[in-house]
Amino acid sequence: MASTTPTTFTYQGNNKNGQAVKGEISAMTVLEAKNQLRRQGIAAKRVKKLAKPLFGKGGEKITPADIAMLSRQIATMLTAGVSLIQTLEMIATGHANVSMRKLLVEITAEVSAGNPLSNTLRKHPKYFDDLYCDLVETGEQSGALETIYDRIALYKEKAEALKSKIKKAMFYPIAVVVVALIVTTILLIFVVPQFEEIFSSFGAELPAFTQFVLGISRFMQDYGVFVGMGLFAFGFLFKKAHAKSRNLRDSVDKKVLKIPVIGEILKKASVARFTRTLSTTFAAGVPLIGALDSAAGAAGNAVFRDAILFVKKEVAGGIQMNAAMRSTGTFPEMVVQMIAIGEESGSVDEMLGKVANIYEAEVDDMVDGLTSLLEPMIMAVLGVVIGGLIVAMYLPIFDMGNVV
C-alpha cells in the first residue's frame, strides 16, 4: 500500500531567468516534486529526499497562529484572483514549517482530486475546528470563498491576539512567583543551614523569628524532595482529571471568574470571543441557531457557554436574542442593549463586531493595567520574603552586639 504522507525533497536547478535556485518542496514522489517545480518555472537538475537529522527535532508543531497566518494568506491570494489550488500550492512551497508544508500538500492533493475544501479540512480537526469548516462550506456554497476567508482570517487574528493578551496577563505573575519560590527554596536548603552551624556555637537562646525560619529550613531539608514530588504528582493528576472531567473543568471555570481583576479580564475576554464569533458566523450567512452553537463552543468558559446555550434554546422558541441574554444575568447590560439596537435596525452582525472591538480593547487596557499594578506588589512581596530570611539570620548577631 502506497504511503499517503507527503515527503520533503531538496532540489537544485534554474529558474526562468536561468539563475541557480535551490530549496525544499513537499510531494508524494520525486516525479510529483519535479512536476510541481516545472509548474513553478524551475528546471530541476537534482531532486532528492531530505535526510532526517540524527539529532534535533523531527518536525515543528502547527500552532493556531500558523492557521491564522494561513487563513490570511489564502484570503489575500483568493482576493487577488489566484485560483484555490494555485494558492495552496504556492503557500505550501514557500512555508518554512515542514509540518505545515506536509499538511498543505495533503489538502492540495484532495482539492485537486475534486473534493470540496471544507470536506478536506474536516479530515484535520486538530487544526480546523467545526466553526472554521462550516464557514468555508458556507463560502463554497455561496460562491464567495474569498470574502468568507477574509472574515475567517480576521476572526482568527483577533482570537489569537486576545489569547496572547490573556497569556500575558497570567504569565508575568506566575513566572515571578515561581522564581521567588525557587530562590527561597535554595536559601532555605543551602544558605540557612550554614548560619545554623554558626548559631550552634553561640550557646544562647535564638530569637523566635530565627527559630521559626530554622524550623522551616530543617523541614525543607528533610521533606523538601517529598513536598516537590507531591506537588508535581498533584499537578499531573489534576491536569489529567481536568482534561477528562467536564464537571471539574466547569467548576474551575466558575471559580476562576471570581478571582479579583483576573476574573474580570476573563469575563471581558469571553464576551469578546462570543461577540466576535457570532458576528463572523452571522455575517457569513450561518443561521442564528447554528451561529450561537459555534459561539458557545468558542466562549472559552463554562459559565458563558451555558448562558449562550440557554440563549440558543430561548431564540429557537421565538424569544428575541437580547431578551434571552438579559434573562441569563451573565452578559453586561451594554452588550444586551447594543444587540437589541442591532435587532431593531437589522444590523446584528455589525453591532456584534463593534461590541467585540470594544471588549478586546478593554481586555488590552486591563492587561496593561494589571501588569503595571502587579510589578510593585510582586517586588514588595519578594522584598518581604527574601528580606525576612536575611533579617532572621542576622537577628542573633545583632543580639550579640547588644550584649557586648
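Residues are numbered from 1 along each chain as its sequence is written, and side-chain values use heavy atoms, with hydrogens and water left out. Because the model is predicted, local features need pLDDT of at least 70 and side-chain atom pairs count only at pLDDT 80 or more, whereas totals for chains, interfaces and linings use all residues.

Helices are DSSP runs (H or I, at least four residues), numbered from the N terminus. Two packed helices are described by the angle between their axes and the distance between the axes. Here the axes are lines fitted to C-alpha atoms, for helices over the stretch in contact, and the angles run from 0 to 180 degrees between N-to-C directions. Angles under 35 degrees count as roughly parallel, over 145 as roughly antiparallel, 65 to 115 as roughly perpendicular and the rest as oblique.

Among the residues in contact (heavy atoms within 4.5 Å) are Ile67, Ala68, Ser71 and Arg72 of α2, together with Tyr149, Asp150, Ile152 and Ala153 of α7. By class, this contact has 12 nonpolar, two polar and seven charged residues, where Ala, Val, Leu, Ile, Met, Phe, Trp, Tyr, Cys and Pro count as nonpolar, Asp, Glu, Lys and Arg as charged, and the others, Gly among them, as polar.

Between α7 and α10 (residues 262–283), the packing angle is about 175° and the axes are 10 Å apart, an arrangement that makes α7 roughly antiparallel to α10. The residues of α7 that take part include Arg151, Leu154, Tyr155 and Lys158, and those of α10 include Ile262, Ile265, Leu266 and Ala269. This contact has 12 nonpolar, two polar and four charged residues. In the loop between α9 (246–256) and α10 is Val261, whose phi is near 65°, a positive value in a residue other than glycine. Most residues other than glycine have a negative phi. At 37% relative accessibility, Val261 counts as partly exposed (buried means under 20% relative accessible area, exposed over 50%, and partly exposed in between, with a 1.4 Å probe and protein chains only).

A search of the whole structure finds seven aromatic pairs; rings of Phe, Tyr and Trp (its six-membered ring) pair if their centres lie within 6.5 Å, and planes under 30 degrees apart count as stacked, over 60 as edge-to-face and the rest as tilted. The rings of Tyr132 and Tyr149 have their centres 6.0 Å apart and their planes at 75°, so this pair is edge-to-face.

In a second pair, the rings of Phe274 and Phe331 have their centres 5.2 Å apart with their planes at 40°, so the pair is tilted. Phe274 lies in α10 and Phe331 in the loop between α13 and α14 (333–345), so the pair ties together parts 57 residues apart in sequence. Phe274 is buried at 1% relative accessibility, and Phe331 is also buried, at 8%.

Both phenylalanines are in contact with Met325, which, leaving aside its neighbours within four places in sequence, also contacts Val311, Val335, Val336 and Ile339. Met325 lies in α13 (residues 321–328) and is buried, at 0% relative accessibility. The axes of α12 (residues 302–316) and α13 come within 9 Å and cross at roughly 140°; the helices are therefore oblique to each other, and their crossing is right-handed. Where they meet, α12 contributes Ala307, Phe310, Val311, Glu314 and Val315, and α13 contributes Met321, Ala324, Met325, Ser327 and Thr328. This contact has seven nonpolar, two polar and one charged residues.

Phe238, in helix α8 (residues 208–244), is partly exposed, with a relative accessible area of 37%. Not counting residues up to four places away in sequence, Phe238 touches Leu248 and Val252.

Definitions and conventions
Helix = DSSP H or I, 4+ residues; strand = E, 2+ residues; numbered from the N terminus. Left-handed = near helix turned anticlockwise from the far one by under 90°.
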